[in-house]
Amino acid sequence: PRKCLRPPEFCHRHAKSRPAIHHIGARGCAGKWRAALAFVRAMFQLAPMTGFDPHAASLAPGQLLARGVCRHLRGHDFVTLAEFTPERGKRLDVMALGPKGELWVIECKSSRADFTSDGKWGGYLEWGDRYFWAVDADFPTDLLPEGTGLIIADAYDAAIIRMGPEVKLAPARRRAVTQRFARHAALRLQGLRDPGAGFDAF
């Protein structure tokens, strides 16, 4: 099983009676994914977040969700970049690159207002093979459009509730996005290793 990523004071996965969680695929019926959603919501609400995480305290709500999403996807052998810009004027909350070259786009919404104020999300569909919303356990998921994926997350982990339908990118677009992903990742790493050099880390 995948290692729990929460600090001990935040962890609620060690209850012996808790069944394993499996994501509901795109072909799962609505009743199944809604039941899974209810279970995951209860899981995330089970343990009150009373400890102090100094790094989390410096992040905005959407960034906290992105962190949990990135941690979870790493367990599926995906690598991720937060706040990825596939082209000028567009910024994706999370771009994930899978072991077979899959590209997933994840938009993180921390509240109803955050979701309703974003009219740009339709322009993000063309940058990945699958599209997901990542929200917290209290988000009113009925607001989210059908035909998109759903992830429930917090600052420490996440659970895939519904897979977004797969619409594969054209080969030329896939190559361009993957190369840009690699450059972003390399520049960010170089900026972290040599912060005084003034590298543009996107």
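Mentor: We shall take the helix, the cores, the aromatic rings and the charged pairs in turn. This is a predicted model, in which local features need pLDDT of at least 70, side-chain atom pairs count only at pLDDT 80 or more, and totals for chains, interfaces and linings use all residues. Residues are numbered from 1 along each chain as its sequence is written, and side-chain values use heavy atoms, with hydrogens and water left out.

Trainee: How many residues does helix H4 have?

Mentor: Helix H4 covers residues 171–193 and has 23 residues. From its first C-alpha to its last it reaches 33 Å, close to the 33 Å expected at 1.5 Å a residue. That expected span is 1.5 Å times one less than the number of residues. Helices (H or I, at least four residues) and strands (E, at least two) are DSSP runs, numbered from the N terminus.

Trainee: Which residues of H4 are buried?

Mentor: They are Val-177, Phe-181, His-184, Leu-187, Arg-188 and Gly-191. Buried means under 20% relative accessible area, exposed over 50%, and partly exposed in between (1.4 Å probe, protein chains only).

Trainee: And what do the buried residues of H4 pack against?

Mentor: They pack against strands E1 (79–84), E2 (92–97) and E3 (103–109). Contact here means heavy atoms within 4.5 Å.

Trainee: Which residues touch the most other members of the largest nonpolar core?

Mentor: That core has 23 residues, and Phe-84, Leu-92, Met-95, Val-105 and Leu-144 touch the most other members. At least two residues each come from E1, E2, E3, E4, E5, strand E6 (158–162) and H4. A second, separate core of 18 residues includes Leu-65, Val-69, Phe-132 and Ile-160. A nonpolar core is a set of buried Ala, Val, Leu, Ile, Met, Phe, Trp, Tyr and Cys residues joined through side-chain atoms within 4.5 Å.

Trainee: What does Leu-144 touch?

Mentor: Leaving aside residues up to four places away in sequence, Leu-144 touches Phe-115, Trp-133, Val-135, Phe-139 and Leu-150.

Trainee: On to the rings: how many aromatic pairs are there?

Mentor: The structure holds eight. Rings of Phe, Tyr and Trp (its six-membered ring) pair if their centres lie within 6.5 Å; planes under 30 degrees apart count as stacked, over 60 as edge-to-face and the rest as tilted. Trp-104 and Phe-132 form a tilted pair, 4.9 Å centre to centre with 40° between the planes. This pair links distant parts of the chain, with Trp-104 in strand E3 and Phe-132 in strand E4 (residues 130–135), 28 residues apart. Both Trp-104 and Phe-132 are buried.

Trainee: Why is the pair of Phe-115 and Phe-139 edge-to-face?

Mentor: The planes of Phe-115 and Phe-139 stand at 90°, with the ring centres 6.3 Å apart, so the pair is edge-to-face. Phe-115, Trp-121, Tyr-131, Trp-133 and Phe-139 form one aromatic cluster.

Trainee: Last topic: how many salt bridges are there?

Mentor: The count comes to seven, where a salt bridge is a side-chain nitrogen of Lys or Arg within 4 Å of a carboxyl oxygen of Asp or Glu. Lys-109, Asp-114 and Asp-118 are linked in a network of them. The N to O distance is 3.9 Å for Asp-114 and Lys-109, and 2.7 Å for Asp-118 and Lys-109.

Trainee: Is Lys-109 buried or exposed?

Mentor: Lys-109 counts as buried, at 5% relative accessibility. Asp-114 is partly exposed, with a relative accessible area of 25%.
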